[in-house]
Amino acid sequence: MMWSCVILFILTLVLDPQGIRPGSFFSPSNLSLFIFGASGAIPVFEAGRWWTVLSAGWLHGGILHNFFNMMALRQLAPAAGEMYGASRMIIIYTVATVFGFTFSSVAGLFRLPLAGAGFTVGASAGIFGLLGALLYYGKRSGSTMVSDQAKGW
């Protein structure tokens, strides 16, 4: 998952090198992100690109954005993979991503404050899905160790 995000980030930079904003820590252009599948009210509702709720969780808006999301994924993915298995972990990440970007896109359509966006990318929805899955696992299994670790994250 991490390598996919890193490779896609590099490809978004390579697609439109003139669009990299100076002083922005290597932020890809909106055009590049749109082509690769950024989500939000504009791509989903204005451009009819409903599938972007699946793809936006693998894209990032800058090198720091990518770095911090990958560090969080590096913390959570091994634990989630151990508790649920690698395949289910990817399914949890993907389902959480779809729900997060669907909510963000709808909120952006209705211009809800602090909730939606015209364009949006990132792994946060999937990361919080993994965190929620670990909290649920700790509660379901009665494992205070898993619960406490997840609450610490």
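H60 sits in the loop between α4 (52-55) and α5 (63-84); helices here are DSSP runs of H or I with at least four residues, numbered from the N terminus. This is a predicted model, in which local features need pLDDT of at least 70 and side-chain atom pairs count only at pLDDT 80 or more, while totals for chains, interfaces and linings use all residues. Residues are numbered from 1 along each chain as its sequence is written, and side-chain values use heavy atoms, with hydrogens and water left out.

Is H60 buried or exposed? Its relative accessibility is 1%, so H60 counts as buried. Buried means under 20% relative accessible area, exposed means over 50%, and partly exposed lies in between, using a 1.4 Å probe and protein chains only. Contact means heavy atoms within 4.5 Å. Leaving aside neighbours within four places in sequence, H60 is in contact with residues including C5, F9, P28, N69, M70 and V121. With one of these, N69, the side chain of H60 makes a side-chain polar contact at 3.2 Å. A polar contact is a pair of N or O atoms within 3.5 Å; within protein, one must be able to donate a hydrogen and the other to accept it, and residues adjacent in sequence count only if both atoms are side-chain atoms.

Let's move on to α5 itself. This helix has 22 residues and reaches 30 Å from its first C-alpha to its last, close to the 32 Å expected at 1.5 Å a residue. The expected span is 1.5 Å times one less than the number of residues. Where does α5 have a kink? Look at L76, shortly before the proline P78, for a kink of about 30°; the bend at a residue is the angle between axes fitted to the seven residues ending there and the seven starting there. Just after α5, G85 takes a positive phi of about 95°.

The buried residues of α5 include N66, N69, L73, L76 and Y84, and their cover includes α1 (2-15), α6 and α7. Take L73 as an example: at 1% relative accessibility, L73 counts as buried. Not counting residues up to four places away in sequence, L73 touches M1, M2, P78, Y93, I127 and L130.

Now for the core. In soluble globular proteins, nonpolar side chains tend to be buried together. A nonpolar core is a set of buried Ala, Val, Leu, Ile, Met, Phe, Trp, Tyr and Cys residues joined through side-chain atoms within 4.5 Å. The largest one here has 16 residues, and L73, L76, Y93, L130 and L134 have the most contacts inside it. The elements that give two or more residues to this core are α5, α6 (86-109) and α7 (124-141), with α5 giving the most, six residues. Leaving aside neighbours within four places in sequence, L134 is in contact with residues including L76, A79, V146 and W153.

Finally, visit α6. Its 24 residues should span 34 Å at 1.5 Å a residue, and its end C-alpha atoms are 34 Å apart, which agrees. Among its buried residues are M89, Y93, F101 and G108, covered by elements that include α3 (41-46), α4, α5 and α7. After α6 comes R111, whose phi is positive, near 55°.
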